[in-house]
Amino acid sequence: MVLLKKSLKVFTLLLSVALAAALCGTALSQWSPWTKGLMEDLPNVFPPGLKTLWNSHTLIETQKLQNLLEEVTHLRAEISSLKEFTQMALESCVKTDWALKSSGATIDTQRTSQTYDCKDSCLCRILRFFWTASPPDTILQPNVFPGNCWAFKGHQGQVVIRLPARVYLTAITVQHITKEVSPSGTVISAPKDIAVFGVDADREEETLLGMFTYNVEEDPMQTFPLKNMLLPRAFSHVKLLVKSNWGNPWYTCIYRVKVHGKMENQKGSTKGPDK
């Protein structure tokens, strides 16, 4: 018992020296020759049983730490492999656009928001003599220039695209114009928060494939990977649900939407609609 008390006193003293060394910004082993002597003598003052218990506990904790580091390394490798697979799959499919009007894609008007009618605005009524609103299938055509977009009322709306075939969806691209070419000098009518659904025409079932934010400060053409890349399932329709825009209280404009993936019966072939 006396030896145990002595051991605890020495350990307490050594701990105090360690804390003082930490506060002074020096290493414990460099504190003084006296401290170094305490470190060397510490194992000798422990009773044999306590010394064995101390060494055993240290060994177990060291082994646990080593196992944890190995698990972290393995997890990092798996994440890296998954990222590489996702990037390769995205790059292989993003070239194909299944939302082209010239390739057979159409708009399901029954499930698409109405086109914005600006008759409530005096200025807009005047401009209607020179300009007419673009229909929803404008987003299925590659001609992107200021004003050539489909607009719906408010900041929330949706469009359902009927694809020319059943497709395993991998990504979706949304395009707007930049501030530099915008007649108003702003792009507040651009969509912001968007959700994408795969839709089965027969069962009217919708499957959420992804939610993302279109950033007007980044490239005007932005591509977003979908969950369907990991859980392959072919769909005949795609629903784009816009939940908000960048501040326009009257309407939201969509210039271009591209749908990427592989056709259901496409086995190893990379052929698809033209860009």
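Modeller: A residue counts as buried under 20% relative accessible area, as exposed over 50%, and as partly exposed in between. The model discussed here is predicted.

Colleague: How many helices and strands does the protein chain have?
Modeller: Read from the N terminus, the elements run α-α-α-β-α-β-β-β-β-β-β-β-β. The totals for the protein chain are 4 helices and 9 strands.

Colleague: What percentage of the residues of the protein chain count as buried?
Modeller: The accessible surface of the chain is about 17100 Å², and carbon and sulfur atoms hold 60% of that surface. The cut-off for a buried residue is under 20% relative accessible area. Among the 275 residues of the protein chain, the buried share is 36%.

Colleague: Which isoleucine does Ile161 touch, besides Ile107?
Modeller: Residues up to four places away in sequence are not counted here. The residues touched by Ile161 include Ala99, Ala105, Thr106, Leu140, Ser236, His237, Val238 and Val257. Also in the list, next to Ile107, is Ile139.

Colleague: How many salt bridges are there by the rule used?
Modeller: Side chains of opposite charge can pair when their charged atoms come close. The rule asks for a side-chain nitrogen of Lys or Arg within 4 Å of a carboxyl oxygen of Asp or Glu. By this rule the number of salt bridges is 9.

Colleague: How many residues apart in sequence are the parts that Asp137 and Lys101 tie together?
Modeller: The side chains of Asp137 and Lys101 form a salt bridge, with N to O at 2.9 Å. Asp137 sits in the loop between α4 (122-127) and β2 (150-153), while Lys101 sits in the loop between α3 and β1 (106-107), so the parts tied together are apart in sequence by 36 residues.

Colleague: What is the relative accessible area of Glu264?
Modeller: Glu264 makes a salt bridge with Arg166, and the closest N and O atoms are 3.4 Å apart. This pair links distant parts of the chain, with Glu264 in the segment after β9 (256-263) and Arg166 in strand β3 (residues 157-175), 98 residues apart. Arg166 is partly exposed at 33%. Glu264 is partly exposed too, and its relative accessible area is 39%.

Colleague: Which residues are linked with Arg166 and Glu264 in a network of salt bridges?
Modeller: Arg166 and Glu264 form a salt bridge with each other. The network that holds this pair also contains Asp200, Glu205 and Arg233.

Colleague: Is Lys239 buried or partly exposed?
Modeller: Lys239 pairs with Glu206 in a salt bridge, the closest N and O atoms being 3.4 Å apart. The pair links distant parts of the chain, with Glu206 in strand β5 (residues 205-213) and Lys239 in strand β7 (residues 234-242), 33 residues apart. Glu206 is partly exposed at 39%. Lys239 has a relative accessible area of 9%, so its class is buried.

Colleague: How far apart in space are Phe235 and Glu264, C-alpha to C-alpha?
Modeller: Phe235 lies in strand β7 and is buried, with a relative accessible area of 1%. Phe235 and Glu264 are 29 residues apart in sequence, but their C-alpha to C-alpha distance in space is 8.6 Å.

Colleague: Which tyrosine is in contact with Pro220?
Modeller: Pro220 lies in the loop between β5 and β6 (221-225) and is partly exposed at 24%. Gln175 is 45 residues away from Pro220 in sequence and 5.5 Å away in space, C-alpha to C-alpha. Leaving out neighbours within four places in sequence, the contacts of Pro220 are Val174, Gln175, His176, Thr178 and Tyr214.

Colleague: How many disulfides does a search of the whole structure find?
Modeller: A disulfide is a covalent bond between the sulfur atoms of two cysteines. Cys149 is buried at 7%, and Cys253 is buried at 6%. The number of disulfides found in the whole structure is 0.

Technical notes
Residues are numbered from 1 along each chain as its sequence is written. This is a predicted model: local features need pLDDT of at least 70, side-chain atom pairs count only at pLDDT 80 or more; totals for chains, interfaces and linings use all residues. Side-chain values use heavy atoms; hydrogens and water are left out. Helices (H or I, at least four residues) and strands (E, at least two) are DSSP runs, numbered from the N terminus. Buried means under 20% relative accessible area, exposed over 50%, partly exposed in between (1.4 Å probe, protein chains only). Accessible areas come from the Shrake-Rupley method with a 1.4 Å probe; for residues, only the protein chains shown count as cover. Contact means heavy atoms within 4.5 Å. A disulfide is a pair of cysteine sulfur atoms within 2.5 Å.
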